[in-house]
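This report covers strand pairing and nonpolar packing. Please keep the sequence and the structure open while reading.

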Amino acid sequence: MNKETKRVLIAETTFSWKKFFLKWEWFLVLIFIGINIMNSFISPYYLSVSGLLSATSSFLEKAFIVLPMVFILIMGDIDISVGSVVALSAVIMGESYNRLGLPMGLAIIICLLVGALCGFINGFILIKFKELAPMIVTLGTQILYRGIATMILKDQASTGLTSITWFSNLYWGSIFGIPYMLIVFIVFAVIFGYILHKTNFGRYLYAIGSNETAAHFSGVEVDKVRLITFTLTGLFSAVTAVFLASRMGSVRPNIAVGYELEAISMVVLGGISSAGGKGNFIGAIISIFIIGLLRYGLGLINIPSQVMLVVIGSLLILAVLIPQLNLGKYFRRKQGVVKEA
Amino acid sequence: MSEYILELKGVTKIFPGVKALDRVQFQLKAGEIHALIGENGAGKSTLIKVITGVHKPDEGEIFINGERVNFRGPKDAQKAGIAAIYQHVTAYPHLTVTENIFMGHEIVRNKVVQWKEMHKEASELLAKLDADFSATDEMQSLSVAQQQLVEIAKALSMKAKIIIMDEPTAALSKNESERLYEVTEKLRDDGASIIFISHRFDDIFRLASRATVLRDSKYIDQFDIEGVTEKELITAMVGREITEMFPKIDVEIGEDVLRVEGLSRTGFFKDVSFNVREGEILGLTGLVGSRRTEVVEAIYGITKLDKGHVYLNGKEIHVKGPRHAMELGIGLLPEDRQQQGLILDWGLGRNVTLPVMKDISKKGITDEAKERSLSKNLLETVGVKALSIFDKASSLSGGNQQKVVVAKQLASKLKVIILDEPTKGVDVGAKAAIYEIIGELAKQGYAIILISSEMPEILGLCDRVVVMCEGRVTGEFDRREVSQEKILEKAMAKRTIG
């Protein structure tokens, strides 16, 4: 098409050590190591296989919410109803078993379906009424879902779940010393990471988060992607509900309060911009362990929960401030800007 | 005392890469209504912004009553008695009429806002303008015409001597326009001097005593309206030579590819029909507000049609959305390439392949090697000036960004390519390159719809031209019979409704 010699573009990725080590994730790794050192001073038993595994189990059930929450934030959305979805799906699971007398296996399936439905409703409202902010819609459903859970159980608890050994084992059981829950989590984490970074769906998430209008004009089915992602978030909130119920052996309508903020904190600390379009999956995974182990360590020395909140809040503020300081600007390679002749 | 209340001499304004005003002169007599006319992009808006102190001229002088002034900002211009009423009313919809009128210059005594006094004065101003609403009404409850009266009242409340009206009739019905004419004449009789910008000859001949014509950022001529004809004004507005920028390639024109019949969308366009054939470049033109973009966005599935039929290769289609349009073979290069066309934060390669992710993946898993080679290939085809396919789209110039958007279209298997203002904000060299690409696409058999406000583009590139005015098709010309004058006459067609 051009008379002059064709301009050739570089299409090979180049690897640079400098760029590699300037990644945000290394900073997270440093914090992660620091927290582990701190914990090992607190408890002499911490740095053992069983110590680390029990520490991990203390927070891992919440981490299932973080996986789809990464998608939500990359899309530039937010979902603060997840804690209530955990409660509602857990309550319905407990009551399906206790009141309706359904087998536990079926109750779990119902739980997962309820979770997915809650997420679907969030997504459906958002794509039908585009002028509504996700924060407000999911605030509404947060109250709504919690309200339904409370209506079902009042101030009662649905107990007796410990009597089913296999259900109890979901949380407490292990194989070769590795908890089942950890295995399930690793499998899902790998799948979610793969979807985000290696598939079309992941690319669409980034596209929507970066520029929704351009994505729409480019044929990305924005509504479909949002609906799927919100449904997925509801579904994985229900997964959290299953493990939580397995751990506690009973469910009440006031469980999982504040889970949404913890999940969002983990995602944001992982370097995923709440404005959308930016961040890596691995960052969020490291952050799950940072916040989880930090809580665990502070819990060991009986730090009051209020102080714990102050520590975690400060860490989060610090984490979102550091990229603003623009420390990287001294290292950044100049971009190839080509001016027109 | 000078003869002119406002005079501009040799005003030049340069934006990065563009001369928006080139040694323009302008004279406004006290107590006259002076029309400022020219095509889209002729420099009218920039001139207004210089007069109102929004832009500082790079060269030239401004005189008010013969005294040289130097506006440091809009406040200075306001103090000098200049007020502007814009095409799109910039009001506070939730506040009352009084609050809107006095926004920014409230009557304050002892640090307390004097509401009573302001209401009284606002009511007096409205009475003077024969307004049929009250000063306590909420702004958003008013019609566009009424809101304009509020803006005029605001100008009067600031004791403006020079009032600029930027296409005030663009959104008004015939009766409303008539009311506005009366108000404008009243203002003049009360001693204000008025600059009236309009695309409508109705307005110009009804109101103005003199007219200044701008074209290509330059002052062209000044006319006394009495004794001048529409033709003379049009000639002054368009009289430009088409350079050799448009190497029209002869292409065998084939069968109908896209045909639309009776497209309507309430409030936007009505009964729009046209067709485009294989290898043909169809120009779709009109002035601002002609709703060309709205029509093609509906065809592409961004918005929904209320009525009408779309046929592709003779078969009726119902486009559900952009994805569906592309699968059928219709592509659109949107008007706003930075907001709609590209993800500026992304590399060029990823931008190009976003619409065709399905083709470069297996079971939803992206084949990155295939992606890189495809995007490299297409970006090289359109001749993007960049170093690598990983360069961010934001690092490119406007022309090169547009080439990336073109490359994006080429990735899909399209039959029809719609280009909405592809050379907007692009410099001359890159324009020529884009024209060349468009010609090449036609040669490859694409049916092309080119939306453009630039006459030379339409005349130089298109095989056929469809002219729109206020949401309707008002004319269609073949390449052999088309001229700038004919297009402009149809584009400014007298209103049939209202």
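Which residue in β21(B) does G331(B) stand opposite?

## Edge strand and its partner

The model is predicted. G331(B) stands opposite I417(B) in β21(B). Strand β18(B) pairs with β21(B), residues 416–420, in the parallel sense over 4 bridges.

## The open sheet of chain B

These two strands belong to an open sheet of 6 strands with mixed pairing, in the order β18-β21-β22-β15-β23-β24 of chain B. β18 (330–333) and β24 (472–478) of chain B each have a single partner strand, so one side of each has no neighbour in the sheet. From one strand to the next, the twist averages 20°.

Helix α17 of chain B, residues 484–491, lies across β15 (281–285), β23 (464–469) and β24 of chain B. The helix runs at about 30° to β23(B).

## A hairpin in chain B

Strands β13 (residues 256–265) and β14 (residues 269–277) of chain B run antiparallel and are joined by 6 bridges. L258(B) stands opposite V276(B) in β14(B). The two strands form a hairpin with 3 residues between them, and G267(B) in the turn has a positive phi of about 85°.

## Nonpolar cores

The largest nonpolar core has 101 residues; I152(B), I163(B), L187(B), L379(B) and I487(B) touch the most other members. Domain 1 (4–238) and domain 2 (256–491) of chain B both contribute residues, so this core lies between them.

Leaving aside residues up to four places away in sequence, I152(B) touches I85(B), L129(B), M165(B), L180(B), V183(B) and L187(B). Another core, of 96 residues, lies apart from this one and includes A55(A), M93(A), Y259(A) and L298(A).

Definitions and conventions
Residues are numbered from 1 along each chain as its sequence is written. Chains are lettered from A and ligands numbered from 1 in the order in which they are written. This is a predicted model: local features need pLDDT of at least 70, side-chain atom pairs count only at pLDDT 80 or more; totals for chains, interfaces and linings use all residues. Side-chain values use heavy atoms; hydrogens and water are left out. Two strands pair if DSSP finds at least two bridges between them. A nonpolar core is a set of buried Ala, Val, Leu, Ile, Met, Phe, Trp, Tyr and Cys residues joined through side-chain atoms within 4.5 Å. Buried means under 20% relative accessible area, exposed over 50%, partly exposed in between (1.4 Å probe, protein chains only). Domain bounds come from an automatic or database domain assignment. Contact means heavy atoms within 4.5 Å. Axes are lines fitted to C-alpha atoms, for helices over the stretch in contact, and angles run from 0 to 180 degrees between N-to-C directions.
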